[in-house]
Structures are given as C-alpha cells and as structure tokens.
Amino acid sequence: MTSIAILGYGTVGSGVAHVLDENTGEVRASAHDDVRVKAILDLREFPGDPHEKQVTHDFQTILDDPEIRVVCETMGGVNPAYEFTKKALQAGKSVCTSNKELVAKHGPELVRIARENRVSYLFEASVGGGIPILRTLEGALKSERITGITGILNGTTNYILTRMDQEGASFEDVLRQAQELGYAERDPSADIEGHDACRKIAILGSLMMGGYVDSESVPTEGITRISTADLSGAREFGMAIKLLGHCRCTDKGLDISVAPYLIGRENPLASVNGVFNAIAVDGNMLGTSMYYGQGAGRDATASAVVADVCEIVRNAGSTVPVSMSADAVELAPAGDGFRRYFLRVDGSHAQEAQAAFEGSTCKTVKGADGAEEACLLTGKLRESAFTGQLESLSGVRNWIRVLDE
Ligand code: HSE
C-alpha cells in the first residue's frame with residue numbers, strides 16, 4: 001500500500017481523490033500497488049466530503065509522516081507551493097503536480113532536487129490537462145528529433161473563441177461560464193492574456209530541447225483584442241482564429257511565442273473546439289503527430305496527476321527521468337520569420353490598405369456596429385516590415401498573424 005497526500009483540495013485536488021476512488025482497481029494495476037489518500041492539506045474544512053477526516057491544516061504533519069511517499073501538489077501559484085514541494089522532495093517524498101506556474105518558474109531546480117534525493121518530480125497535468133503529452137515526448141517520441149510543437153494549450157480561451165465564433169456570444173458572458181465550469185484559473189487574466197499558454201509552451205520547449213526556456217522570455221499575447229468581427233473576417237477567408245503556443249527550431253535558436261493566429265480550416269487544429277486542447281508535434285522521422293483531449297476540468301486534469309502517481313509508485317526507489325535542466329535554451333529573435341497577416345480596416349480605408357500591402361486579397365464585411373469594413377490577407381513579410389507599414393495607415397481596427405506552416 002502506498003500512502004499519498006494532496007496539497008490543496010480545490011478543483012484538481014478533489015479530482016485526484018475522486019479518480020483514486022473511482023478507478024481503484026485500474027490504479028492498482030498501473031501502480032502495481034494500492035494507492036490511498038492519507039492526508040489532504042487545505043485551509044478549509046469539508047464537512048460531508050468522503051475524505052473530510054483526512055483533511056489537515058498543518059503541512060508539517062505530512063512532511064513528518066514516513067508512510068506518505070508521494071505528494072500531489074494541486075495548490076497552484078508559486079507560494080507556498082514552491083517551499084512545500086522543495087521540503088517534500090528533500091524529505092524523500094516524490095511530488096507530482098498540475099502547477100504550470102511553479103514548473104515554468106522553478107522546474108529545473110525541483111527536478112534536480114528530486115534527482116539528488118532519489119525521488120521524482122513529475123508534472124504531466126501542467127500541460128494539456130488530461131492529454132499525456134509530456135509522457136509521450138519523454139517516452140514514445142524520445143528517439144525522434146523534435147523540430148517544432150504547436151498547440152492549443154488553454155481550454156478557457158479556446159472555449160471563449162469557439163463560442164464567440166459559433167454563437168456570436170460576448171467575451172464576458174463566455175468567460176463567466178468558463179469560470180463556473182472550473183476551466184479558468186483563479187485569476188482568469190492568466191488565461192485571457194496568454195500567460196497560462198505561455199507557461200505550457202515554455203515547459204514543452206524545455207523538454208523538447210532538454211534545457212530550460214524561461215517563460216518570461218516568451219513573446220506572449222492573449223485574446224483580449226479578438227472580436228467577433230475578426231472571427232467573421234477570418235471565416236471569409238476560410239480560416240479560424242486560435243490562440244496557439246508555438247515553438248520551432250531555427251538556425252538562430254528556438255522560435256517560441258504565444259499569440260492568436262489565423263489558421264486554415266484544413267489544419268486539424270482549426271476543428272479543435274470548446275475546452276479541448278490539441279498539440280501537434282513535428283518529428284524529423286515521424287512527421288507531424290497530433291494529441292487531442294480535454295485541456296482543463298477537474299477529472300481530466302486529475303487523471304494526469306494520478307498517472308504520475310502510478311508512474312512514481314511503479315518506479316519506487318529510483319528517479320523517473322525528466323528532460324528539463326537548468327541549461328538556458330537559446331531563443332531566436334522575436335518576429336524574425338516571414339508570414340502573412342490578417343488586417344481589418346474601416347471600409348473607407350480599404351484602398352489605401354491594399355496599396356500599402358501590394359498583392360493582398362481583400363474582402364468586404366459588416367463590422368459589429370454595422371459599418372462596412374475591409375479584411376485583408378497580406379503576402380508574406382517580416383513582422384517589423386508589416387508593423388512599419390501599419391504606422392502609415394489610418395482606420396486600422398485589428399491585425400492578426402497567419403500560421404502558414
Ligand atoms: N485554466 C487552464 C485552461 C486550466 O483553461 O486551460 C488548465 O491548465
């Protein structure tokens with residue numbers, strides 16, 4: 001029997017207990033041992049909860065309990081999760097987590113401390129919710145040279161964009177529903193400003209390169225400036241708008257970013273809707289493979305945490321290897337590549353815009369206020385050249401990059 005503790009009994013933490021209760025036999029078969037929750041750390045009480053008696057308010061009791069071999073950190077945020085994780089690892093307990101903020105900030109150090117203490121630090125649930133993408137990179141794809149990863153990595157923003165696109169729903173209404181469904185972060189600005197996706201692509205980029213990509217160096221934009229008019233304009237060109245985390249090896253380093261992109265409807269990522277995430281991985285021999293599943297939500301995310309618990313228990317006594325180290329990955333200069341751009345301008349400035357971007361195609365659409373607008377798709381050019389031209393234009397309503405790869 002392996003005893004575990006859960007730190008934080010919120011959406012994901014309560015999901016971990018639920019998955020262990022529901023899938024007891026499957027967990028035993030995977031872990032090669034029984035797994036039971038011995039303690040749950042939370043500031044609150046949970047009267048009536050099947051695990052109410054396991055709740056403690058004192059982390060030290062967990063740390064001092066030699067029976068507890070694995071700690072599931074599902075608190076979120078950097079503090080006190082960082083301190084608790086370090087202490088647990090130093091006390092010889094393995095830790096698995098859904099906390100992408102902590103992994104993105106302190107992952108290399110925590111992986112090293114785990115190794116030094118012959119335990120494991122695993123974070124499958126930190127990227128792609130329930131999609132076993134990290135395990136796939138570390139296992140099945142380990143003998144591939146990974147050249148790029150592109151993913152819809154945030155369920156909340158994908159849910160918002162999908163409902164705005166399909167129903168013309170307002171940003172605020174859909175965000176509120178995403179929060180009610182337990183998809184959004186405690187502070188939803190991390191979702192809508194792209195920081196959550198940024199942490200996830202930084203973790204993927206780190207594993208892909210076997211080093212460390214500091215998420216703070218990743219150029220990041222969210223979806224707050226995307227309107228239903230942009231979504232209708234994209235549709236006119238047979239394209240969808242998705243918030244993508246993207247990284248690609250170039251001869252100048254790793255080109256990595258998070259931003260909304262227009263993608264062709266024939267791209268499989270274009271049909272990934274609602275809270276679903278999908279991650280396309282380019283391997284030098286395999287070509288592109290894509291992984292799809294629920295990117296947020298209690299049970300899906302908890303399922304990934306429990307998969308880590310099972311791997312740790314199965315490998316008790318040794319460290320499960322993780323390809324993240326403190327070596328900084330060299331990053332390519334931002335906006336260096338050539339790409340097309342979508343541009344939306346007031347109808348009265350359509351000709352001027354077309355003249356500025358020779359060879360662009362133009363569609364006329366009705367804006368949200370009923371006024372005529374023009375949507376352009378430019379030819380390929382560098383971002384600095386595109387934004388330079390924009391400065392001389394009037395009537396610009398919005399612009400968005402196109403993913404052409
Ligand atoms: N807020 C995150 C999302 C949760 O919406 O994807 C899962 O990481």
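Begin with the largest cavity, whose volume is about 30 Å³, where a cavity is a set of points, on a 1 Å grid over the protein atoms alone, where a 1.4 Å probe fits but cannot get out, and where a volume is the space filled by probe spheres set on the points. This is a predicted model, in which local features need pLDDT of at least 70 and side-chain atom pairs count only at pLDDT 80 or more, while totals for chains, interfaces and linings use all residues. Residues are numbered from 1 along each chain as its sequence is written, and side-chain values use heavy atoms, with hydrogens and water left out.

Select Leu-20, Thr-24, Val-27, Arg-28, Asp-33, Asp-34 and Val-35 to display the lining of the largest cavity, which counts residues with an atom within 4 Å of a point. Helix α2 (residues 24-31) supplies the largest share of this lining, 3 residues; helices here are DSSP runs of H or I with at least four residues, numbered from the N terminus.

Next, select the ligand together with the residues around it, among them Lys-100, Tyr-183, Glu-185, Asp-191 and Asp-196, each having a heavy atom within 4 Å of the ligand.

Within the shell around the ligand, α7 (155-167) and α10 (195-209) are the elements that give two or more residues.

Technical notes: 1 Å grid on protein atoms, 1.4 Å probe; cavity = no way out; pocket = protein on both sides within 12 Å on 5 of 7 lines; lining within 4 Å.
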